[in-house]
Amino acid sequence: MMDWTDRHCRVFHRHLTRGALLYTEMLTTGAVIHGDRARLLGFDRSEHPVALQLGGSDPRALADAATIGEDFGYDEINLNVGCPSDRVKDGRFGACLMAEPRLVAECVAAMKCAVKVPVTVKCRIGIDDQDPQAALDELAHGVVAAGSDALIVHARKAWLNGLSPKQNRDIPPLDYDRVYRLKAALPTVPVVINGGIASLEEANAHLVHVDGVMLGRAAYQEPWRLLSVDPDIFGEAAPHAGMKDAFEAMVPYIERELASGTRLHAMTRHFVGAYHAVPGARAFRRHLAEHGVRPGAGIDVLRDAIALVEERAAAIAA
């Protein structure tokens, strides 16, 4: 989710669900330790609970980055051992670390010694020619022994040789049963399933077997689904009756960001999928695409786009 789930996206998603745990885009240890921390790590108080997702393979650097994240106020530190992008492989972090389970365990142990907040691991079921049964078990048992508080498992292999990062999101077959078996083998460890889950109905079906569900592309590309998370998953009322109410609640945040120099498009680019199967949804997207990118675009652009939508009811808009 690099370049997708930035702080503006997370504030938007938090207005759609109070209960879901939000994750940052993956940040490398080098960026966290040596980069512009205020820009990279700063987040709005409303985002809680929010987890910082790290990429790296040096235990000491990960411990330092985790400490920085905890000091910034993140509620969880997550080590990404699942991202298949080329730049991740070249930097010796992400999915390629599935081949080095002992090193991953050392990284988790170092992070656990450095912070008090939960430390979790996000991984694949294996990479390339690995046997998913053996590879996932070895990694999972190692990081749990090192202190990992939960495992988030993308239920497909990553093919680092021969497939692009985009192909790795779809071509390797999903194996949800493999994640279910891991949960059965680790009854006391929270196991969260990820990969190809496109609806809350599917999420509820998975929750019969595992402790949690992570939504990636479905949440980003179709954020209207998130308005149903609290009632359908947590048994609580949605934070807003519909998308228009959620946008209205975001206005103070957007105005503050505009005043500080943030361009409107930096925020509205995350709103493109906000409406589905309601009159005016296409006009909403077109208006933001045409006017939101213009220099000096203000809150009136968003208000005008919203006015094009006929939101029938929360049950439809959500």
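1. The accessible surface of the protein comes to about 13900 Å², and 52% of that surface belongs to carbon and sulfur atoms. Accessible areas here come from the Shrake-Rupley method with a 1.4 Å probe, and for residues only the protein chains shown count as cover.

2. This is a predicted model, in which local features need pLDDT of at least 70 and side-chain atom pairs count only at pLDDT 80 or more, while totals for chains, interfaces and linings use all residues. Residues are numbered from 1 along each chain as its sequence is written, and side-chain values use heavy atoms, with hydrogens and water left out.

3. On overall form, the C-alpha trace spans about 55 × 40 × 40 Å along its principal axes. For 318 residues, a compact globule would have a radius of gyration near 20 Å, and the protein agrees because its own value is 20 Å. The radius is taken over C-alpha atoms, and the globule rule is 2.2 Å times the number of residues to the power 0.38.

4. The protein has 16 helices and eight strands. These are DSSP runs numbered from the N terminus: helices are H or I with at least four residues, strands are E with at least two.

5. Of the 318 residues, 51% are buried. Buried means under 20% relative accessible area, exposed means over 50%, and partly exposed lies in between (1.4 Å probe, protein chains only).

6. The side chains include 35 positive and 41 negative ones. Lys and Arg count as positive and Asp and Glu as negative, whereas His and the chain ends are not counted. With each charge placed at NZ of Lys, CZ of Arg, CG of Asp or CD of Glu, the centres of the two sets lie 3 Å apart.

7. How many aromatic pairs does a search of the whole structure find? The search finds eight. In one of them, the rings of Phe43 and Tyr74 have centres 4.5 Å apart and planes at 40°, so this pair is tilted. Rings of Phe, Tyr and Trp (its six-membered ring) pair if their centres lie within 6.5 Å; planes under 30 degrees apart count as stacked, over 60 as edge-to-face and the rest as tilted. Phe43 sits in the loop between α3 (37–41) and β3 (50–55), and Tyr74 in the loop between α4 (59–72) and β4 (76–81), so the pair ties together parts 31 residues apart in sequence. Both Phe43 and Tyr74 are buried.

8. The loop between α3 and β3 also holds Pro49. A cis peptide bond joins His48 and Pro49, with omega about -5°. Most peptide bonds are trans, and most residues other than glycine have a negative phi.

9. Two residues other than glycine have a positive phi and deserve a look. Asp128 has a phi of about 45° and lies in the loop between β5 (119–124) and α7 (132–145). Ala277 has a phi near 60° and lies in the loop between α13 and α14. Are these residues buried or exposed? Asp128 is buried, with a relative accessible area of 13%, whereas Ala277 counts as exposed because its relative accessibility is 51%.

10. The loop between α13 (264–268) and α14 (281–291) also contains His270 and Tyr275. His270 counts as buried because its relative accessibility is 1%; Tyr275 is buried too, with a relative accessible area of 3%. Not counting residues up to four places away in sequence, His270 touches Trp4, Asp6, His8, Cys9, Phe12, Tyr220 and Pro223. Tyr275 forms one aromatic cluster with Phe12, Phe247, Phe271 and Phe284. The C-alpha atoms of Tyr275 and Met243, 32 residues apart along the chain, are separated by 7.7 Å.

11. Helix α8 (residues 176–185) includes Asp177, which counts as partly exposed because its relative accessibility is 48%.

12. Asp137 is found in helix α7. Which residues is Asp137 in contact with, leaving aside neighbours within four places in sequence? They are Pro132, Arg178 and Leu182. Asp137 and Val189 are 52 residues apart in sequence and 13 Å apart in space, C-alpha to C-alpha.

Methods
Contact = heavy atoms within 4.5 Å.
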